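Welcome! Let's learn to read a few structural features together, one question at a time.

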Amino acid sequence: MSKNRVTPEEALAFHLEPTPGKFEITATVPMTTQRDLSLAYSPGVAVPCEAIAENPETAYDYTNKGNLVAVISNGTAVLGLGNLGALASKPVMEGKAVLFKRFADVNSIDIELDTEDTDAFINAVKLMGPTFGGINLEDIKAPECFIIEQRLKEEMDIPVFHDDQHGTAVICAAGLLNALKLSGKNIEDVRIVLNGAGAAGIACLELLKAMGARHQNCIMCDTKGVIYQGRTEGMNQWKSAHAVSTDLRTLSDAMKGADVFLGVSVKGAVTQDMVSNMAENPVIFAMANPDPEITPEDAHEVRPDAIVATGRSDYSNQVNNVLGFPYLFRGALDINARAINDEMKIACAHALANLAREDVPDEVALAYGKHLTFGRDYIIPTPFDPRLIHRVPPAVAHAGMNTGAARRPIIDMEAYELSLKSRMDPTASILRGINARARANQARMIFAEGDDPRVLRAAVMYQRAGLGKALVVGRADDVKAKLDAAGLDDAHREIEVVNAANTQHLDTYKQFLHDRLGRRGFDTQDIHRLAARDRHVFSALMLQHGHGDGLVTGATRKSAHILDRINHVYNADKEHGAAGITAVLHKGRILFIADTIVNEWPDEEDLANIAERAATVAQNMGLEPRVAFVSFSNFGYPVSERAEKMAKAAHVLDKRGVSFEYEGEMTVDVALNATAQESYPFSRLTGPANILVVPARHSASISVKLMQEMAGATVIGPILAGVEGSIQICSTVSTANDILNMAVLAACKVG
């Protein structure tokens with residue numbers, strides 16, 4: 001897979017736009033009338049205040065404490081950047097807060113404490129205890145992080161968790177459980193070598209020992225070699241706890257005959273010779289970031305029998321903390337836990353390990369562009385797996401309840417699992433899955449409008465995101481000037497600029513157009529003008545002849561004009577079953593509205609075609625299609641000639657025997673609202689529709705734009721479906737990000 005390149009300009013723009021930072025606070029209660037304000041603040045708020053004063057446990061009922069975690073740092077060990085200080089750590093802590101929300105629907109606030117005084121830090125966090133349901137410590141240097149965490153765990157009655165230590169340890173343990181299962185070894189028997197005696201390394205070894213690894217079998221190494229009993233140089237109490245009686249002095253000595261290597265150290269710390277000397281079926285977790293202690297390629301070259309994991313997403317078996325901390329806190333918060341104990345961490349590791357052994361859902365396979373099965377290249381679940389949210393937190397909650405950490409045990413675990421399934425925004429995983437598929441496909445993407453700065457920025461983003469090769473149609477000097485003006489000075493060297501003057505295929509393209517258009521009144525000059533001077537036609541010809549894999553256009557001209565141009569090369573019209581399907585994302589729901597671009601006033605046959613095209617798009621995005629033919633009437637009442645064709649469209653699908661759900665005609669509320677659907681028990685829809693087929697193009701356009709402007713919905717599309725080539729047409733008001741999204745859809749061939 002291609003390496004994802006992030007430039008400083010992009011990273012700064014991402015944090016600056018649309019508003020500085022990465023999240024905002026929104027109210028969960030109405031705040032419109034005077035009565036609302038009276039209930040939210042004075043005098044109504046006095047009632048829950050008195051209730052909490054009388055019984056502190058009710059804070060979990062009347063405030064957001066039970067779903068609120070603080071991400072706290074003093075910035076003394078920021079990522080791999082060192083001691084940048086509290087203020088400079090804020091972007092990382094904001095990032096961690098949004099990961100909590102994205103993966104487990106945990107509300108989170110970042111707090112940066114400007115002190116390196118351990119006691120002052122501990123006191124500040126302790127004083128904030130009443131606000132939060134849990135504390136996530138982050139990026140605090142060792143050994144202070146050990147002291148801070150230990151004291152806070154002793155003095156606070158809510159979970160305190162240093163993710164740099166325990167997050168890595170939990171995922172490492174999950175992967176190791178499966179690696180040992182595959183190599184037929186037991187944790188009690190294996191010899192483990194750990195390199196890197198910092199926060200993460202020590203936590204990894206402590207957790208593995210809690211899971212059964214024997215103290216004498218575990219050799220810890222740091223920059224000065226093996227930590228042995230009697231060593232005095234560079235020691236502290238945390239290293240001393242893992243010192244063993246041994247004659248081994250170097251990492252190289254320790255690796256001889258070792259079953260497992262765990263690395264949380266530096267690039268290149270492990271050589272091929274060291275790997276050669278390990279036991280049969282060695283397990284190598286080279287977790288140094290951004291580059292592993294040894295690459296999987298180098299390890300496998302000398303030991304094909306090795307199982308290798310790294311911290312990187314471009315290799316198999318990524319040890320990724322995002323598989324742990326969101327779900328650990330979700331489970332802990334939901335039982336109002338006093339702490340996250342070892343048993344809860346071990347339960348999390350076992351739940352992750354068990355998940356990797358099961359069949360992988362279709363949407364995960366779709367996201368990766370390959371089917372993943374439990375084995376040497378798949379020992380840890382992927383962050384894409386939709387089952388994580390409802391499988392890991394219940395295991396954590398169970399362990400918390402069994403060990404007395406729960407203030408409020410969960411009585412109905414089945415109902416709890418169902419509630420977890422409904423917590424997550426399905427649109428996020430769908431979009432993430434599409435991006436992963438695009439990255440796997442590595443499509444050569446044709447950007448037709450190389451004279452537009454937005455298109456150029458999108459093309460550069462496409463290539464730098466590791467999605468594939470960007471082919472920009474334009475003039476090289478013009479493209480360079482516009483990229484320079486956009487602050488992307490070096491980008492013109494990365495992308496490929498194509499035009500009629502520099503292609504060797506122009507005669508082939510013209511011959512194709514002659515054959516296709518010659519009897520439609522186009523003479524030789526017309527053909528030359530189309531092929532050599534119209535960028536939309538030229539781009540479509542490139543795609544038609546396999547000189548690119550997808551095409552994005554529409555940022556500079558209206559969609560009707562673009563479709564007319566594309567029709568010179570492809571059959572992109574109503575007669576050939578083309579349709580435009582727009583995806584509307586709002587409040588965790590994804591809804592497709594069709595047709596928004598091709599069919600102006602479709603009849604029942606056209607509507608049935610549109611429904612089939614929309615169902616294909618939904619399936620390609622990992623959804624089970626449920627089509628509603630919508631109008632202003634429900635199942636024949638009130639009677640209307642205009643609504644009648646919507647009912648007839650459903651009958652057309654009856655005859656075609658399609659495999660997806662459909663029903664109609666019906667009003668939009670009946671299509672989307674489960675309660676309204678109950679009035680029509682005969683309806684064939686098993687739940688709210690996710691595809692609305694509307695009577696005409698104008699109603700589709702009005703619906704989409706109304707949702708966009710009034711509700712703030714995110715709109716993707718229209719997605720052109722039913723055309724032989726993978727072509728996507730953006731709108732003229734598209735941002736660079738919108739154009740990039742359309743390129744991703746084209747790369748995935750969703751239409």
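This is a predicted model: local features need pLDDT of at least 70, side-chain atom pairs count only at pLDDT 80 or more; totals for chains, interfaces and linings use all residues.

Q: How do strands in a sheet hold on to each other, and what is the strand order here?

A: In general, the strands of a sheet pair through backbone hydrogen bonds, and the pairing is either parallel or antiparallel. In this model there is an open sheet of 4 strands, in the order E2-E1-E3-E4, and its pairing is parallel.

Q: Which strands are the edge strands?

A: Look for strands that pair on one side only: here they are E2 (107-112) and E4 (160-162). From one strand to the next, the twist averages 25 degrees.

Q: How many bridges join E3 to E4?

A: Strand E3 (residues 134-137) is joined to E4 by 3 bridges, and the two run parallel.

Q: Which strands does H7 touch?

A: Helix H7 packs on the sheet and touches E3 and E4. The direction of H7 makes about 165 degrees with that of E4.

Q: At what angle do H6 and H7 pack?

A: H6 (residues 118-127) and H7 (residues 144-155) pack at about 35 degrees, and their axes are 10 Å apart. The crossing of H6 past H7 is right-handed.

Q: Which residues meet there?

A: From H6, they include Phe-121, Ile-122 and Val-125; from H7, Ile-147, Ile-148 and Leu-152 are among them. Charged residues take part too, including Asp-119 in H6 and Arg-151 in H7. By class, the contact has 6 nonpolar, 1 polar and 5 charged residues.

Terms used: Residues are numbered from 1 along each chain as its sequence is written. Side-chain values use heavy atoms; hydrogens and water are left out. Axes are lines fitted to C-alpha atoms, for helices over the stretch in contact, and angles run from 0 to 180 degrees between N-to-C directions. A crossing is left-handed if the near helix is turned anticlockwise from the far one by less than a right angle, and right-handed if clockwise. Contact means heavy atoms within 4.5 Å. Two strands pair if DSSP finds at least two bridges between them.
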